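This report describes a protein model together with its ligand. Please look at the sequence and the 3D structure before reading on.

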Amino acid sequence: MKETQLAQISLTQDSTGAIANPIYLSTAYQHPQLGQSTGYDYTRTKNPTRSAFEESFAKLEGGNASFATSSGMSAIQLICKLFKPGDEVLVAFDLYGGTFRLFDYYEKQYGVRFIYVEFLNYEEVVKHITPNTKALFIEPISNPQMIEIDVTPYYVLSKKHKLLTIIDNTFLTPYLSTPLEEGADIVLHSATKYIGGHNDVLAGVVTVKDTELAEQLGQFHNMIGATLSPLDSYLLQRGLKTLHLRLDRSQQNARKLAERCRTLEAIDEVLYSGKTGMLSLRLNKAYDVGKFLENLEICIFAESLGGTETLITFPYTQTHIDMPDEEKDKRGIDEYLIRLSIGIEDYNDIESDIIQALENSKVEVIS
Ligand SMILES: *Cc1c(COP(=O)(O)O)cnc(C)c1O
């Protein structure tokens, strides 16, 4: 069902019969008459290629409106526009470093309070709700610890206290989970990752069900101009066609690798939720992370995820660089933690590359 929807996502009602969506580069649209519009006036407000992506994506998510943005961060910024000084947002403790940095800025500059809470502990979250609490912000698979949070009780809690539940679903995608159908209010993705899927588009997307929220976000989207270009919108739709195949394969490779890594003496800890292609490894202190990264021949030392290639990131100095050391400590982000985005290569090539890179990175002990 979902596979069919994905494979045929770009089909339009175009009178030409085109199978792939046309890319409308035009920024301006002719008006038939004073006071009339074709529905398109100016590309920041609405563009046919972007609309085609947004409409098909909203359907995929079980939402009513999607907003394609110029990056995942601008998707989060778009959502931040809903808050005013004094509002409080409860944020799941373990999250993407760039989000932490943006929230920190909003707190200092605009007085919106972001309170970090351990969402694995429901009572702890309840304790932090005040009359000023406006929203809950959750990455259901935490980053980089890869712990899956059971989000369902929070949907109920949100309804009770009239909060917005915001889900950053970047790691799961609508193929593996559709939070809007379960009770979330806002879902966002860094579409740069699995949605685009080929490490060649920077993009984000925000999806909602509620029409009032959609209207508000639509206004901000046009106002701040963090909109996605027609070409990038096309590429996202193209990426979606194979999302299921790519994710199935990444997940299969990641599961095998997680199991194998649990048997290696070079690895002290394997952090894997059992879902998606994302996994973190804590190397044993007898191994040199720098050497390990240098020794890789197939896996690539680079900072992103969700593409066809296996990428390995070092959160300590990359994704989480702007997090203060004591905050990193609390989240187990140390100099031995690496994060892997497992690609769709031959599993045996990935495994043997990691094993050879580890074997050649053992620190010589001079006695
Ligand atoms: C990458 C990422 C972001 C930021 O997205 P960009 O497209 O890099 O701006 C936000 N959240 C998560 C979970 C991410 O992995």
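## The sheet

Val-270 has Leu-281 in E9 as its bridge partner. The model is predicted: local features need pLDDT of at least 70, side-chain atom pairs count only at pLDDT 80 or more, and totals for chains, interfaces and linings use all residues. Residues are numbered from 1 along each chain as its sequence is written, and side-chain values use heavy atoms, with hydrogens and water left out.

E8 and E9 pair in the antiparallel sense over 4 bridges. Strands (E, at least two residues) and helices (H or I, at least four) are DSSP runs numbered from the N terminus, and two strands pair if DSSP finds at least two bridges between them. In the hairpin of E8 and E9, 6 residues lie between the strands, and Gly-274 there has a positive phi near 90 degrees.

Strand E9 (residues 278-283) also pairs with strand E12 (residues 337-341), in the antiparallel sense over 5 bridges. Here Leu-279 stands opposite Leu-340 in E12. The open sheet has 5 strands in the order E8-E9-E12-E11-E10, with mixed pairing. Its edge strands, each pairing on one side only, are strand E8 (267-271) and strand E10 (300-301).

## The ligand site

Which residues are closest to the ligand? They are Gly-72, Asp-168, Ser-190, Thr-192 and Lys-193, out of 14 residues that surround the ligand (a residue is near if one of its heavy atoms lies within 4 Å). The shell divides into 6 nonpolar, 5 polar and 3 charged residues. In this scheme Ala, Val, Leu, Ile, Met, Phe, Trp, Tyr, Cys and Pro count as nonpolar, Asp, Glu, Lys and Arg as charged, and the others, Gly among them, as polar.

A polar side-chain atom of Asp-168 lies 2.7 Å from a nitrogen atom of the ligand. Oxygen atoms of the ligand lie 2.8 Å from a side-chain N or O atom of Ser-190 and 2.9 Å from a backbone N or O atom of Gly-72. Taken alone, the ligand exposes 380 Å², and the protein buries 93% of that (areas by the Shrake-Rupley method with a 1.4 Å probe).

Most residues other than glycine have a negative phi, and most peptide bonds are trans. Thr-173 is not a glycine, yet has a positive phi of about 65 degrees. Thr-173 is found in helix H7 (residues 173-176).

The peptide bond from Asn-143 to Pro-144 is cis, with omega near 15 degrees. Pro-144 is in the loop between strand E4 (133-138) and helix H6 (152-161).

Terms used: A polar contact is a pair of N or O atoms within 3.5 Å; within protein, one must be able to donate a hydrogen and the other to accept it, and residues adjacent in sequence count only if both atoms are side-chain atoms.
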